[in-house]
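Open the model in your viewer and show it as a cartoon with side chains. We will take a few selections in turn.

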Amino acid sequence: MYKVKEIGLLDEYNKVKVANQIGLHPDTLRKVLNGKVKCSKLVAYCITKFIDSNAEIDDYFERVEE
């Protein structure tokens, strides 16, 4: 599981549009980006690639144990 490193990531974007583009419910995206819930590697990957196609998951997320 992965947890966002920086709270407030994607603040300049419309969360509903981002969520629709990467296939998440907007509330789920908000919770992940606010650090309230952990996400899968796939979700972390999709968010990372939305932000920067050249970035790696480790740039924005930290791996945490369940």
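**Stop 1: helix H2**

Select helix H2, residues 26–33. Its buried residues include Pro 26, Leu 29, Val 32 and Leu 33. Look down the axis: these residues cover an arc of only 125°, so they lie on the same side of H2. Keep in mind that this is a predicted model.

Now show what covers the buried residues of H2. The cover includes strand S1 (2–4), H1, H3 and strand S2 (61–63).

Then step just past the end of H2 and pick Gly 35. Gly 35 takes a positive phi of about 75°.

**Stop 2: H1 against H3**

Select helix H1 (residues 15–22) together with helix H3 (residues 41–51). The two pack at an angle of about 120°, and their axes are 10 Å apart. H1 is therefore oblique to H3. The crossing of H1 and H3 is right-handed.

Which residues of H1 and H3 make the contact? From H1, show Val 18, Gln 21 and Ile 22. From H3, show Cys 46, Ile 47 and Phe 50. Colour the contact residues by type: five are nonpolar, one is polar and none is charged.

**Stop 3: Thr 48**

Stay on helix H3 and pick Thr 48. Is Thr 48 buried or exposed? Thr 48 is buried, because its relative accessible area is 1%, and buried means under 20%.

Finish with its partners. Leave aside the neighbours within four places in sequence, and Thr 48 is in contact with Ala 55, Glu 56, Ile 57, Tyr 60 and Phe 61. Select those residues with Thr 48 to see its surroundings.

Methods. Residues numbered from 1 in each chain as written. Predicted model: local features only at pLDDT ≥ 70, side-chain atom pairs only at ≥ 80, totals over all residues. Heavy atoms only, no water. Axes fitted to C-alpha atoms, helices over the stretch in contact; angles between N-to-C directions. Helix = DSSP H or I, 4+ residues; strand = E, 2+ residues; numbered from the N terminus. Parallel < 35°, antiparallel > 145°, perpendicular 65-115°, else oblique. Left-handed = near helix turned anticlockwise from the far one by under 90°. Contact = heavy atoms within 4.5 Å. Nonpolar A, V, L, I, M, F, W, Y, C, P; charged D, E, K, R; others polar. Buried < 20%, exposed > 50% of the residue type's maximum accessible area, 1.4 Å probe, protein only. Arc of directions from axis to C-beta.
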